[in-house]
Amino acid sequence: MKSTLKKYRIFLLLVLVYLALFFLKPDLFAKSTEITWKSLLEMLSVLPPIFILLGLLDVWVKRETMVKYMGEGSGWIGIVLAFFLGSAAAGPLYAAFPVAVMLLKKGGSFTNVLILIGAWSTTKIPMLLFEASSMGLPFTLLRLGLDILGIAIIAIVSNKVLNAKDKAEIYTLVEKNG
Amino acid sequence: MRKHAGIIMGMVIITENIMNEVFYVAAGLGLVFSWVKDQKKTKMALKKAWKSFENILPQFLAVLLILGIMLAILTPQQISSVIGGESGWTGVLVASMLGSITLIPGFIAFPLASALLKNGAGYMQIAAFVSTLMMVGIVTMPVEIKFFGKKATYLRNGLAFVFSLIVAFVIGGILG
């Protein structure tokens, strides 16, 4: 009970903020709750199948299989797989984090996991159509080209900057959360 | 192309929904096959799924509440008033800071960006805004830290921020 309370302390604090808004700024309260409610519904529609698939992946896919296709020695296959997994996925970037953790847990390489996160954030295939219609094709193609470059740069630099100790720390978190 | 934006936006939302449904079907089929093959393992998979969801739920709920207030305060008119075409470097910086507040899915980001463009924001500033909106998330950081630790989270967001500035200058230089 005490640990549950501790886990939800920031949430409870924010509920108090909303309560204060309700009395002090009813307009802002109404608008904020409406937006929060919409995002909550989105989250609840996106996350359940992702977590179920991750659970199934965890019990059925052997570590060796993941290492072979997305591990350190997987080369271009791993890079392309990570890129397409990220680009084809549904949901905002926060839904990518548990997926990334599962990949790490099963032996996917650090660089590939970073590529997946990069692709998930900027190269979603259905989004591109939409971007082209609202921002124009030149903007879309330029941004896409630059972002693919950016994904690679961020993945390579992060992989270099994070030393063995940092990575060990991340793997501890992975074990805790996976 | 712009006048069809509404239709295409509808299509995109449908495509997103289809992708989401594909996930549901895949999860459902996966569960059925798994159950037929090994009930014990399937129960274990569901238990793990619930455990990892429950584990991250407090952070998610907190982020949603913060996001609600943030988006209620910042309106497109307010934003475009500070990132107009003439706002230059400062506008780009302001745009990237606004974009960095939270991670927003593209189908909210692009209509917003297009509304900003119509309200007089510059291409360079919009590019900074869109890029940071998709890649940098300060409000979502607690979730990210929980999964990857502080250093990796700060590093990813920091690099994405700097990179967004580069994207802005290149796009602004070519289109602006």
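Author: One term is needed at the outset: a crossing is left-handed if the near helix is turned anticlockwise from the far one by less than a right angle, and right-handed if clockwise. This is a predicted model, in which local features need pLDDT of at least 70 and side-chain atom pairs count only at pLDDT 80 or more, while totals for chains, interfaces and linings use all residues. Residues are numbered from 1 along each chain as its sequence is written, chains are lettered from A and ligands numbered from 1 in the order in which they are written, and side-chain values use heavy atoms, with hydrogens and water left out.

Reader: Which hand does the crossing of α6(B) and α7(B) have?
Author: The crossing of α6(B) and α7(B) is right-handed. Helices here are DSSP runs of H or I with at least four residues, strands are runs of E with at least two, and both are numbered from the N terminus.

Reader: And at what angle do those two pack?
Author: Helix α6 (residues 123-135) of chain B packs against helix α7 (residues 141-175) of chain B at about 155 degrees, and their axes lie 8 Å apart. Axes are lines fitted to C-alpha atoms, for helices over the stretch in contact, and angles run from 0 to 180 degrees between N-to-C directions. α6(B) and α7(B) are therefore roughly antiparallel; angles under 35 degrees count as roughly parallel, over 145 as roughly antiparallel, 65 to 115 as roughly perpendicular and the rest as oblique.

Reader: Which residues meet there?
Author: Those from α6(B) include B:Tyr123, B:Ala127 and B:Met135, and those from α7(B) include B:Arg156, B:Phe161 and B:Leu175. Contact means heavy atoms within 4.5 Å. By class, the contact of α6(B) with α7(B) has 12 nonpolar, 5 polar and 1 charged residues. Ala, Val, Leu, Ile, Met, Phe, Trp, Tyr, Cys and Pro count as nonpolar, Asp, Glu, Lys and Arg as charged, and the others, Gly among them, as polar.

Reader: What about α4(B) against α7(B)?
Author: Helix α4 (residues 88-100) of chain B packs with α7(B) at about 135 degrees, with the axes 11 Å apart. α4(B) and α7(B) are therefore oblique to each other, and their crossing is right-handed. B:Trp89, B:Val92, B:Ser96, B:Met97 and B:Ser100 in α4(B) meet B:Phe161, B:Leu165, B:Ala168 and B:Phe169 in α7(B). The contact of α4(B) with α7(B) divides into 7 nonpolar, 2 polar and no charged residues.

Reader: How is α2(B) oriented to α7(B)?
Author: α2(B) and α7(B) are roughly antiparallel. The angle between helix α2 (residues 39-73) of chain B and α7(B) is about 160 degrees, and their axes are 8 Å apart. B:Asn55, B:Ile56, B:Gln59, B:Phe60 and B:Val63 in α2(B) meet B:Pro142, B:Val143, B:Lys146 and B:Phe147 in α7(B).

Reader: Switching to chain A: how many helices and strands?
Author: Chain A has 10 helices and 0 strands. Buried residues make up 52% of its 178 residues, where buried means under 20% relative accessible area, exposed over 50% and partly exposed in between (1.4 Å probe, protein chains only). Among contacts in chain A between residues at least 6 apart in sequence, 71% join residues at least 24 apart.

Reader: Is α7(A) enclosed or open?
Author: α7(A) is largely enclosed by the rest of the structure, because 12 of its 13 residues are buried. Among them are A:Phe110, A:Trp120 and A:Thr122.
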